[in-house]
Structure formats: structure tokens, C-alpha cells
2 protein chains.
Amino acid sequence: MSEQIAFLGLGSLGTPIAGNLLKDGHTLTVWNRTSGKAQALLDQGAREASSALEAVTPGGVVVSVLADDAAVEEVLSDEVLARLGEGSLHISMSTISASTARRLAERHEAHGVKYLAAPIFARPDAVSSRIGNLCVSGSAAAKERGEPILRPLVKGYFDFGEDAGAANVVKLAGNFMIAATIEMAAEAFTLGEKQGVPRQAMYDLFSQTLFAAPIFQNYGRMVAQHTYEPVGFRLPLGLKDINLTLQTAAEGQVPMPLASLLRDRLLSAIAKGRSDLDWTGFALGASDDAGL
Amino acid sequence: MSEQIAFLGLGSLGTPIAGNLLKDGHTLTVWNRTSGKAQALLDQGAREASSALEAVTPGGVVVSVLADDAAVEEVLSDEVLARLGEGSLHISMSTISASTARRLAERHEAHGVKYLAAPIFARPDAVSSRIGNLCVSGSAAAKERGEPILRPLVKGYFDFGEDAGAANVVKLAGNFMIAATIEMAAEAFTLGEKQGVPRQAMYDLFSQTLFAAPIFQNYGRMVAQHTYEPVGFRLPLGLKDINLTLQTAAEGQVPMPLASLLRDRLLSAIAKGRSDLDWTGFALGASDDAGL
């Protein structure tokens, strides 16, 4: 069913998601905090609003893809939620902490707005080609209205129950595992390189056999070849996600020594002036440490 | 071409490899440090020798699958190498350090014995079904005679050049990456568990999508379900391999903070009395730390 959707956040993930929603026949009113990001979507038939408040419709659907916890809490203000009101739905695709998601869900409920946590695993090109994987959690009513909008956008659709925080826990765990894979490849390839085994030869073996899955194949290649541009996901955003993982871990009293190591790698990469690289660039830390 | 092979070491990997060599039509004389391991192979037509020296034939082929560096250096004594002599070949499948492999290759060469490093990635059941992956390195002459014996044993055959140490570097890097995958799954699933997301639900998502490859699928399932028996690879052997990785890293001046973390996890698992578990059992450390 075609929906009237307010789309908030036109970053590197938001823009291709909005484009696909237009292709799916939905009517979109888009808004971004900074202007000048909407032109391609306007050319495809979207309308632009000058504020989040202006973008939303009473009883309608909002999709947000925003940078961090603070942005989601600020943009989905009580004023915006009051305008949305009873029967409306907010599909929240940002990678935020589980506790923020739970707090948002409560605040939404107070205004009669359904909250569906729906973070996505996909780099921008995977979003465009609809091969990403989506984690959802929230009330049955939120999922009932959200699912027909979301399913056509992705290859995998995974339901983690009613707790609004659950999907974000899974998303943070996944981003942590991606970073762990980057670190493990960086250390392994550096070990080989120093012993005379080419990084690419090790990548070729492992990416075809024991680790023949998308994360190792994509990120492992970048690490093997030290190719950290073009940027699919900026390095400071990677640090933000690992910090959210550690924050969520701390709330649950879960020591994560590997996540702590990754946090320090990302911090060091920023200290060394690598903020403009893809987040995979923290792999350079293992090479630096080995004097390469 | 059918070969006369002396097969040294009938552990959990050696026995199924020897069985497949018999099926491939080779003639085997088997030996193991402790007796009582050979019966199944004798029933399949192997002959048993009472010592490594008695097992080998001048100019013949030796395959060894031994526990550690010291065992390989001791069993392949100068006396044994002198008996093997010119034109013979030793296929060394044990997981040992790169520097031990290089030292062995030199000592072999002094006796005219070709040395082929050929460590295998496979758990016992994967060896039986010939779906493992083999890394080889050594002289062209060693590979020429060894390849027809080895290729039918595995699915993947990867050549890392002439340096006898190279294949062992790759094998150690691979075992390190397997251990890293166990730790990353343990931390991620524990994070989820404490936040109310079932370990199995996280495993189901990631093993079908981002990490849909053998290592995460097999070890991740064990970690999700805390199933650390039956034992495919004993925990103290896992510590041995990570120690070899760190030793090889130290020789090359490569700091590997993730490998150091894994070493401590394995040490702790032994300290807690878990030596009889599969090495994947060090994943319990993340649960212990979280008070689970």
C-alpha cells in the first residue's frame, strides 16, 4: 500500500533508501538538517520541507536516518510527535543505543505514535541494490504497518521481538563484529607481510574458504590492499558506533575487551589524522605498530 | 602414482588423513609415539612399525602429523633423515612455527631430503570428507612429488611459494583468525544475552548474512549454544597455536594485541579447569566476566 512518508535525514544511507521508497510508489516529503542534499530526490518527485515539523502529517509515517542518538531525540521533538499523533508510525533506522531507543519508544507512546526500531546492515551501494539486511523490533502494531514499507528495501528481514531496544543491540553487535573482523585481518596480514607472505595471497585463501562471507570478502580486501577510499562509512562514525556498543555493554555489565581494543584503534586513527578515511582505515594501526 | 608412505602421528587429524591415503591406493607403514592407535588403519591394510626409523624407506615419502615443534624435530632425527636420504620427501602437516619449519628444511636438505610444509585447515570430520584446505610451501621439487599425494585429500590447495616457513605462517594466521572469531562471537552474544536478545537469534541472523561462512557458522553455533563437546581440537592445543602465532609475530616484530587477548582467554580457560573442552570453550570467559 502506498504511504505518505516524511523522510528525515538525507545522508549516505538515507538518500538511497528514500530513492527506493519513491520507486516503490510512496509519496515522500524529505527534510535534511543541512540543505542542498535533496535535489536528486526532488527530481524523482519528492517534495522538500523546511523543517521536520513541516514534513510530518497527522497519522502518517515518518522514516528517520539520522547521525546519532542526540539527533534522533532532538528531531523527533515532543512538538513533532504531538503533530504526528494517534495512529502514526515512526520507523527509526538510525544506529543508536538500545537505551535511547527504549526511551524514544516510551516518549512516542505518550503521544500515541508507534515506534519501530529498524537499523539496517548495508553500505550505500548495497542499499541501492536492495541487498541489505534489516533488524526490526517494536510493538506488533508498529511492525504491521512498517513491514510492507520495509521488506521491499532489503534482502533479509529479521524480527527481534517487541523490545524497541533489541534491534539496536543487534545492530551494535554486528558493527562491533565488522570492526573485529577488520582488526583480525589487519593483524593476520601484517604478521604474514613481515614474514614474506603477501597480504593479497592470504586474503585470496581465506576469502575463498574459511571466511568466504561478505564482511571478510569486502573489508578484508580493503585491509589487504590498504584501500580506505572511497569512504562508505566515515571513521568518526565507526568510533561513535563502537562507543555505543561499549556504552550498551556497560549498561548490561558486560566487559568486552575486544571492543575496548577496537575503540582504542579508532581513537588512534583519529589522533593520527585519518578521520577522512573509511572506518576500515583503523587497520593501518597494526601496520604502524609493526613499523611498516 | 601410488607411493610407499611412512605415516608418523595417528592423532585426531593424522588417522583420517592416513585412512584416505590408503583409500587412494598408497602403501602405508604407520607409527605413533604411543601404541594402540593403529588398529583401524591396520584393518584397512596398513603395516605398523615400532619406530619412525623402522617406518621410513630410503628414497621414500614420509608424512608427519605431530603435536608440536619439539615432536617434529625429535621424530625427524638426523638418523631418520640419513636413512631417508637422497630423493626422499617429507610432507610435514603439523602446525609448527615458521622458524622451526625453516630450520627443519635446512636440516633435511643437508641429508638430501626434500621438505614440504603442508599444514591443513580442517577438523577431523572435514578431513574424512576431503573438504579441508591445504597450504603448501617448499622447493619446486618437493611440491612436484607431494602434490599428487596431497591434492586428492582436500578441497582447496594453496601454494605459498618456496619458503618452507610460509605455509606455517598462513596456518598460524588462520588459527588466530578462528580464535578471533570465537572471541568476537562470545562478546557479541553475551552483549545481546544481557540485553534480552537470545544468543541463538543473533547467531541465526549473522550466520545467514554478514558472516555466512564456515568458521562463523560452525564455531558461532558452538558459542551461541555453549556446546564445547565433543572435542574436535583440544583447548591446550589451541593455546599452543596462539603461542606459536605470538612467537612468530615476535620474531617479525609485529605487535598483535588481539592475539595477546586470545592467549589470555585460553590461559584463563585452562586455569579454570576447562582443558578437556574443545578450544572454542574459551568463549565461556566472556560469559564469566559478565557474571553469567
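Student: In the loop between which helix and which strand of chain B is the place of Arg130(B)?
Tutor: In this predicted model, Arg130(B) has a positive phi of about 60° although it is not a glycine. The loop that holds Arg130(B) runs between helix H7 (124-128) and strand S8 (133-138) of chain B.

Student: Does Arg130(B) count as buried, partly exposed or exposed?
Tutor: The relative accessibility of Arg130(B) is 23%. Buried would require a value under 20%, and exposed a value over 50%. Arg130(B) therefore counts as partly exposed.

Student: Is the peptide bond from Glu229(A) to Pro230(A) cis or trans?
Tutor: Pro230(A) is placed in the loop between helix H11 (214-225) and helix H12 (235-251) of chain A. For the bond from Glu229(A) to Pro230(A), omega is near 0°, and the bond is cis.

Student: Are H9(A) and H10(A) parallel, perpendicular or oblique to each other?
Tutor: Helix H9 (residues 166-194) and helix H10 (residues 199-208) of chain A pack at an angle of about 130°, with their axes 8 Å apart. Roughly perpendicular covers 65 to 115 degrees and roughly antiparallel begins over 145. H9(A) and H10(A) are therefore oblique.

Key. Residues numbered from 1 in each chain as written. Chains lettered and ligands numbered in written order. Predicted model: local features only at pLDDT ≥ 70, side-chain atom pairs only at ≥ 80, totals over all residues. Heavy atoms only, no water. Axes fitted to C-alpha atoms, helices over the stretch in contact; angles between N-to-C directions. Helix = DSSP H or I, 4+ residues; strand = E, 2+ residues; numbered from the N terminus. Parallel < 35°, antiparallel > 145°, perpendicular 65-115°, else oblique. Buried < 20%, exposed > 50% of the residue type's maximum accessible area, 1.4 Å probe, protein only.
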